[in-house]
Amino acid sequence: MNMMSHVLAANALITAFAAVGILMWISGAISKYLTFGRIHASAIAIMLGLALAFFGGLATGGEKGVADLPALTGIGLMGGAMLRDFAIVATAFEVDVIHARKAGAIGAIALGLGTVVPFILGVFVAAAFGYTDAVSMTTIGAGAVTYIVGPVTGAAIGASSPVIALSIATGVFKAVIVMIGTPFVAKMIGLNNPRSAMVFGGLMGTVSGVSGGLAATDRRLVPYGALTATFHTGLGCLVAPSILYFAVRAIVGE
Amino acid sequence: MTISGVALLAICTLLGGLLGDLLGAALGVKANVGGVGIAMIFLIAGRLWLIRHGQLSHGLKTGVEFWGSFYIPIVVAMAAQQNVVAAVKGGPVVVIAGVGAVAVCFAMVALIGRLSGRVETMDEIEARELIEANVPHFKSGRIG
């Protein structure tokens, strides 16, 4: 047992790869067999990650979730700001500018609204719950955009870990509601053609939420929604820690 | 070479981070202003440049795409190291902001759809394409 924990601790980052991989397998199985593909494996994995962080925090009394357990310190490196920003930037490589033109002006409007509107709503909810500093309000507002924009923004402007955790949870919760809720409201919001699917993708953001929700509604609409949704995170990472943060700061002060 | 892709990604990330910090300093805030977003723009521009000059090799693509495909696992690791115990005290924020954001966005989808007039539905498009089946057409369905 001692030898085992020594190996795990000595290879911290490798241990983290193995641990996260196992978590992804479990999430894949839950997604397939318990939700019948309704909820994306990635969303389940992030929720499990947050749940583990909760129990890890209770067990160790620390502030860094499971990364406070000696065997799992590698999680701290793997999920730290350095590798996170690296991997998120890499996703931009799949953005096809020629494809982007297809979405046109209506896609751009949807993207803009899809970033600003949830942000404002998130900021107001944060204010209602007593987060009155610009950094926390911006981070929670960014979390309402997507679960990536939230922590990227929070890290960039120096938010505390509990606030960043809140912003991740908000974004994941949003993605899950989109996945489950879309088929039920599809008819009401006119989600039966490529153009509305592109508007939907731009407004909702999170590729996992959009592709999951559209797949459950009408498989043929998925590529159109994913087309605009892929720009959502990039746009959010660009404007949330800059223009939107300054706007919040200008209104509420430091 | 795979390393050229990883290096390109690294250079873009570093440049973005540097410009984000500089922008923050210029604006008088202790923050990285949009560094990740700026880095993404560099990478998109870099990819376009490489395609235009015929330099986008398979190895280079592999190097960048590996890290891109790694981002969900990294986000899971990030979630697993947050101070969730402290965040749980603010629980209702998550539910209210999440539900609110989705509800407002659903409404906007409906609104934009109504304002911009009627278009062919997916069923109508397929029906028309069936009639025009003798005319060659191409369909792409790649999902990101």
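Tutor: Let us begin with Ile46(A). Leaving out residues up to four places away in sequence, Ile46(A) touches Tyr147(A), Val172(A), Val75(B), Val76(B) and Ala79(B). Please keep in mind that this is a predicted model.

Student: Where in chain A is the place of Ile46(A)?
Tutor: Ile46(A) belongs to helix α3 of chain A, residues 41–60.

Student: Is Ile46(A) buried or exposed?
Tutor: Ile46(A) has 28 other C-beta atoms within 10 Å, so this residue is buried.

Student: And how far apart are Ile46(A) and Val117(A), in sequence and in space?
Tutor: In sequence, 71 residues separate Ile46(A) and Val117(A); in space, the distance is 24 Å from C-alpha to C-alpha.

Student: Back to the partner in the other chain. Which helix does Val75(B) lie in, and what is Val75(B) in contact with?
Tutor: Val75(B) is part of helix α4 of chain B. Setting aside neighbours within four places in sequence, Val75(B) is in contact with Ile46(A) and Ile148(A). Val75(B) counts as buried because it has 25 C-beta neighbours inside 10 Å.

Student: Staying with α4(B), how do the axes of α2(A) and α4(B) cross?
Tutor: The axes of α2(A), residues 12–33, and α4(B), residues 71–80, come within 10 Å and cross at roughly 100°. Since angles of 65 to 115 degrees are classed that way, α2(A) is roughly perpendicular to α4(B).

Student: Which residues make that contact?
Tutor: From α2(A) there are Ala16(A), Val20(A), Leu23(A) and Met24(A), and from α4(B) there are Pro73(B), Val76(B) and Ala77(B). By class, the residues of this contact are seven nonpolar, no polar and no charged.

Student: Zooming out, how many residues does each chain give to the contact between chain A and chain B?
Tutor: Chain B gives 71 residues and chain A gives 97 residues. On the side of chain B, the elements giving two or more residues are α1, α2, α3 (58–69), α4, α5 (84–88) and α6 (92–115).

Student: Which of these gives the largest share on the side of chain B?
Tutor: The largest share is that of α6(B), with 19 residues. By class, the side of chain B that touches chain A has 47 nonpolar, 19 polar and five charged residues.

Student: Now α2 of chain B. What is its span?
Tutor: Helix α2(B) covers residues 35–52, which is 18 residues, and reaches 26 Å from its first C-alpha to its last. That is close to the 26 Å expected at 1.5 Å a residue. Gly54(B), which follows α2(B), has a positive phi, near 60°.

Student: Which residues of α2(B) are buried, and what covers them?
Tutor: The buried residues of α2(B) are Gly35(B), Val36(B), Gly37(B), Ile38(B), Ala39(B), Met40(B), Phe42(B), Leu43(B) and Arg47(B). Their cover includes α5 (81–91), α8 (149–157) and α12 (222–252) of chain A, together with α1 (2–26) of chain B.

Student: You mentioned α8(A). How many of its residues are buried?
Tutor: Nine of the nine residues of α8(A) are buried, so the helix is largely enclosed by the rest of the structure. They are Val149(A), Gly150(A), Pro151(A), Val152(A), Thr153(A), Gly154(A), Ala155(A), Ala156(A) and Ile157(A). Just after α8(A), Gly158(A) has a positive phi of about 80°.

Student: What about chain B overall: how many helices and strands are there?
Tutor: Chain B has seven helices and zero strands. Of its 144 residues, 39% count as buried. Among contacts in chain B with a separation of 6 or more, 53% are between residues 24 or more positions apart.

Student: Last topic, domains. What does the assignment give for chain B and for chain A?
Tutor: For chain B, the domain assignment gives domain 1 (1–81) and domain 2 (83–135), and their C-alpha centres are 29 Å apart. For chain A, the domain assignment gives domain 1 (2–79) and domain 2 (91–252), with C-alpha centres 25 Å apart.

Student: And how many residues do the two domains of chain A give to their contact?
Tutor: Domain 1 of chain A gives nine residues and domain 2 of chain A gives twelve. The side of domain 1 of chain A in this contact has five nonpolar, two polar and two charged residues.

Notes. Residues numbered from 1 in each chain as written. Chains lettered and ligands numbered in written order. Predicted model: local features only at pLDDT ≥ 70, side-chain atom pairs only at ≥ 80, totals over all residues. Helix = DSSP H or I, 4+ residues; strand = E, 2+ residues; numbered from the N terminus. Expected span 1.5 Å × (residues − 1). Buried ≥ 20, exposed ≤ 12 C-beta atoms within 10 Å, placed from the backbone. Contact = placed C-beta atoms within 7 Å. Domains from an automatic or database assignment. Axes fitted to C-alpha atoms, helices over the stretch in contact; angles between N-to-C directions. Parallel < 35°, antiparallel > 145°, perpendicular 65-115°, else oblique. Nonpolar A, V, L, I, M, F, W, Y, C, P; charged D, E, K, R; others polar.
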